[in-house]
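Reader: I've got a chain on my screen and a handful of questions about it. Could you walk me through them?

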Amino acid sequence: MKYCSHCGQSVELRDIPGDNIQRYQCESCAMIHYQNPKMVVGCLPVYEDKILLCKRAIEPRSGYWNLPAGYLENGESAETGAMREVWEEALAKVEITGVHSLYSIPRINQIYIFFLARLTAPDFGIGEESLDVRLFTEAEIPWQDMAFTSSVHALKRYFEDRKNEVQYTHQGEYPMT
Ligand SMILES: [Zn+2]
């Protein structure tokens, strides 16, 4: 950060009384600019024994497959944001059935929440942010062509749980990209 989003003057990294880490503070209006992790929300959309994946049409990792997910917007609940991402990327309506996983990736300041979601019918299409959208059985998942390890982790846990006939909420901290 170089400039104050409030008044446009220069900011400086400073010690703030009562705070234990340095913050960007405006040299002119003294506003403190807090920087916090971004939330990424998404779904594991399930239809029968298949999972809906989207081939990304946008960078980063354009041309690679991913679970439908994206940044949560201000004013949205996590669930609403996750359902919106499924609609935008796969033109599919889902019912959220639970929290599947919560992953922290401190290296890139992101928190991922994936919800388990049910496709009530195999109705989907190719959204603007996607090159292709398909339902995959476990054997068909394109593991070598997945965009991000966050989706790979979530899918592996999902198929493990399904095989063991359990349903856990998974959590962890990952050096993932
Ligand atoms: Zn300022």
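This is a predicted model: local features need pLDDT of at least 70, side-chain atom pairs count only at pLDDT 80 or more; totals for chains, interfaces and linings use all residues.

Reader: Which residues coordinate the zinc ion?
Author: Look for the SG atoms at 2.3 to 2.4 Å from the zinc ion. In sequence, the donor residues follow the spacing C-x2-C-x18-C-x2-C. Those donors are C4, C7, C26 and C29.

Reader: What is the arrangement of the four donor atoms around the zinc ion?
Author: For four tetrahedral donors, the ideal angle at a metal is 109.5 degrees. To count as tetrahedral here, all angles have to lie between 85 and 135 degrees. The donor atoms around the zinc ion subtend 98 to 118°, so the arrangement is tetrahedral.

Reader: How many residues apart in sequence are the parts that C4 and C29 tie together?
Author: C4 sits in the segment before β1 (11–14), while C29 is in the loop between β2 (23–26) and β3 (32–33). The pair therefore ties together parts whose separation in sequence is 25 residues.

Reader: Zooming out, how many helices and strands does the chain have?
Author: Going along the sequence, you read β-β-β-β-β-β-β-α-β-β-β-α-β. That secondary structure comes to two helices and eleven strands.

Reader: What share of the residues in the chain is buried?
Author: The C-alpha atoms fill a box of roughly 60 × 35 × 30 Å along the principal axes. The accessible surface comes to about 10,100 Å², with 47% of that belonging to carbon and sulfur atoms. Of the 177 residues in the chain, the buried share is 41%.

Reader: Last one: how far apart in space are A139 and E48, C-alpha to C-alpha?
Author: A139 is in the loop between β10 (130–136) and α2 (149–163), and at 77% relative accessible area A139 is exposed. A139 and E48 are 91 residues apart in sequence, and their C-alpha to C-alpha distance is 14 Å.

Key
Residues are numbered from 1 along each chain as its sequence is written. Side-chain values use heavy atoms; hydrogens and water are left out. Helices (H or I, at least four residues) and strands (E, at least two) are DSSP runs, numbered from the N terminus. Buried means under 20% relative accessible area, exposed over 50%, partly exposed in between (1.4 Å probe, protein chains only). Accessible areas come from the Shrake-Rupley method with a 1.4 Å probe; for residues, only the protein chains shown count as cover. Donors are N, O and S atoms within 2.8 Å of the metal (3.2 Å for Na, K and Ca); water is not among the atoms, so sites may look incomplete. Four donors count as tetrahedral if all angles lie between 85 and 135 degrees; four count as square planar and six as octahedral if opposite donors are over 155 degrees apart and all others between 65 and 115; anything else is irregular.
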